[in-house]
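Visitor: I am new to this structure and would like to learn how to read it. Could you show it to me and take me through some features?

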Amino acid sequence: MSVRLLIGRSGSGKTTFCLNEIKSHLKDKPEGNPIIYLVPDQMTFLSEYRLITGEDINGMIRAQVFSFSRLAWRVLQETGGISRQHLTSVGLNMLIRKIIEEKKADLKIFDKAADKNGFIEQMEQMLTEFKRYCIQPNELNVRREALSESDRRTTRVLKDKLHDLELIYSSFEESLHQKYLDSEDYFRLLTEKAQDSTFIQNAEVFIDGFDSFTPQEYMVIAALMKNCKRVTIALTLDEPFYQAPPDELHLFRLSGETCQTVYEIAHTEGVEIETVIPFTEQKRWNNNSLRHLEAFFDTRPAKKFELKSNIHIGQAVNRRAEVEGVARQIKELVSQSAYRYRDIAVLIRNGQEYQEVLETV
């Protein structure tokens with residue numbers, strides 16, 4: 001049992017390293033022990049596609065690409081524990097509505113809001129967050145009792161909200177117990193069943209594509225560390241952080257905190273920590289402008305780029321003019337510069353505000 005960290009900035013080759021090492025194992029022993037490539041939900045298809053479309057790999061038996069939830073399903077399929085009925089979002093909403101109707105007389109604030117549109121969906125999201133971050137119903141009561149009386153009106157309202165949340169959450173957990181499963185329960189069951197799974201015990205795990213993890217996911221990682229042969233975790237960082245997290249203004253603060261937490265989990269569980277593999281060379285971008293921007297993005301004072309830049313910054317009087325300018329540029333690239341539409345991507349931070357203008361233009 002050991003854990004290995006791959007540390008490097010974006011585009012330095014961490015994912016390529018994972019894929020190449022998995023492919024190397026597949027070529028050496030196509031039917032060997034399991035290899036688990038653990039990535040975020042939205043990356044599973046692309047990662048699997050990249051893994052099996054290489055010239056020297058025509059298929060795979062021992063390697064599988066999983067998200068956390070899909071890995072839980074696979075392990076529970078082997079060890080048991082998925083006989084309980086799974087509740088979808090609609091089923092959870094129905095259960096929450098039933099609980100609120102039954103407990104309405106005991107609610108102090110939510111009794112009036114319960115009939116409003118969207119309240120049940122908001123409550124479902126709240127309960128999901130509680131479970132995702134391992135918050136138990138009794139902890140809400142402890143927080144409620146710990147509130148000071150400095151601002152009596154604000155404190156009273158907050159205490160009443162915590163009272164209602166604790167009441168609904170505890171009833172929700174009682175209703176699910178031994179009867180139903182929701183999406184968050186799979187993580188807890190995976191943690192409990194990992195030690196009984198031969199699939200996990202014989203596996204080598206690669207975790208890639210994450211900047212941070214929820215407490216539930218850290219519990220799963222700890223279980224994998226204790227039971228798998230080796231866990232490799234790739235993190236976007238310029239340097240490892242062991243004893244203390246990075247400064248609040250550090251460009252990679254989130255990944256730095258993740259690195260420190262992973263190190264603490266490995267140390268606590270007595271798992272061997274292998275030498276960190278650093279990735280310092282920028283491999284993704286051949287464009288000098290992008291290389292310079294990536295390397296000196298957080299440097300103050302900014303280092304001047306001496307060559308001709310390929311990065312253009314434009315201004316527009318409003319969103320429509322901005323989108324029309326982008327559309328003209330795309331048409332020009334396709335008609336005059338031998339580009340294809342599939343070579344071009346439009347990245348937008350606040351997509352909802354641009355959606356209507358984008359569709360029209």
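Guide: Let us start with a term: helices (H or I, at least four residues) and strands (E, at least two) are DSSP runs, numbered from the N terminus. By that rule, Arg-143 lies in helix 7. Please keep in mind that this is a predicted model, in which local features need pLDDT of at least 70, side-chain atom pairs count only at pLDDT 80 or more, and totals for chains, interfaces and linings use all residues. Residues are numbered from 1 along each chain as its sequence is written, and side-chain values use heavy atoms, with hydrogens and water left out.

Visitor: How many helices and strands are there in the protein?

Guide: The protein has 15 helices and nine strands. Its C-alpha trace spans about 70 × 60 × 40 Å along the principal axes.

Visitor: Is Arg-143 buried or exposed?

Guide: Buried means under 20% relative accessible area, exposed over 50%, and partly exposed in between (1.4 Å probe, protein chains only). With a relative accessible area of 63%, Arg-143 is exposed. From Arg-143 to Arg-62 there are 81 residues in sequence and 47 Å in space, C-alpha to C-alpha. For the protein of 361 residues, buried residues make up 37%.

Visitor: What share of the contacts with a separation of 6 or more comes from residues 24 or more positions apart?

Guide: Contact means heavy atoms within 4.5 Å. Residues 24 or more positions apart account for 73% of the contacts in the protein with a separation of 6 or more.

Visitor: Which residues touch the most other members of the largest nonpolar core?

Guide: In soluble globular proteins, nonpolar side chains tend to be buried together. A nonpolar core is a set of buried Ala, Val, Leu, Ile, Met, Phe, Trp, Tyr and Cys residues joined through side-chain atoms within 4.5 Å. The largest one here has 44 residues, and those touching the most other members are Leu-71, Ile-200, Ile-207, Leu-224, Met-225 and Ile-233. Helix 11 (residues 215-227) gives this core its largest share, seven residues. Another core, of 22 residues, lies apart from it, with Ile-99, Phe-119, Tyr-169 and Phe-172 among its members.

Visitor: What is Met-225 in contact with, leaving aside its neighbours within four places in sequence?

Guide: The partners of Met-225 are then Met-1, Val-3, Val-231, Ile-233, Val-262, Ile-265, Ala-266 and Val-271.

Visitor: At what angle do helix 11 and helix 12 pack?

Guide: Two packed helices are described by the angle between their axes and the distance between the axes. Axes are lines fitted to C-alpha atoms, for helices over the stretch in contact, and angles run from 0 to 180 degrees between N-to-C directions. Helix 11 and helix 12 (residues 253-269) pack at about 45°, with their axes 10 Å apart. Angles under 35 degrees count as roughly parallel, over 145 as roughly antiparallel, 65 to 115 as roughly perpendicular and the rest as oblique. Helix 11 and helix 12 are therefore oblique to each other. On the helix 11 side, the contact is made by Tyr-218, Ala-222, Met-225 and Lys-226, and on the helix 12 side by Thr-258, Thr-261, Val-262, Ile-265, Ala-266 and Glu-269.

Visitor: Are helix 9 and helix 11 roughly parallel or roughly antiparallel to each other?

Guide: Helix 9 (residues 185-193) packs with helix 11 at an angle of about 20°, and their axes are 9 Å apart. The two helices are therefore roughly parallel to each other. Phe-187, Leu-190 and Thr-191 of helix 9 make the contact with Gln-216, Glu-217, Met-219, Val-220 and Ala-223 of helix 11.

Visitor: Where are Cys-134 and Ala-338 found?

Guide: Cys-134 is in the loop between helix 6 (119-132) and helix 7 (137-146). Its phi is near 60°, a positive value in a residue other than glycine. Cys-134 counts as partly exposed, at 26% relative accessibility. Ala-338 sits in the loop between helix 14 and helix 15 (351-360), and its phi is near 65°, also positive in a residue other than glycine. At 72% relative accessibility, Ala-338 counts as exposed.

Visitor: Which residues does a cis peptide bond join?

Guide: The cis peptide bond joins Arg-300 and Pro-301, with omega about 0°. Pro-301 lies in the loop between helix 13 (288-296) and helix 14 (319-336).
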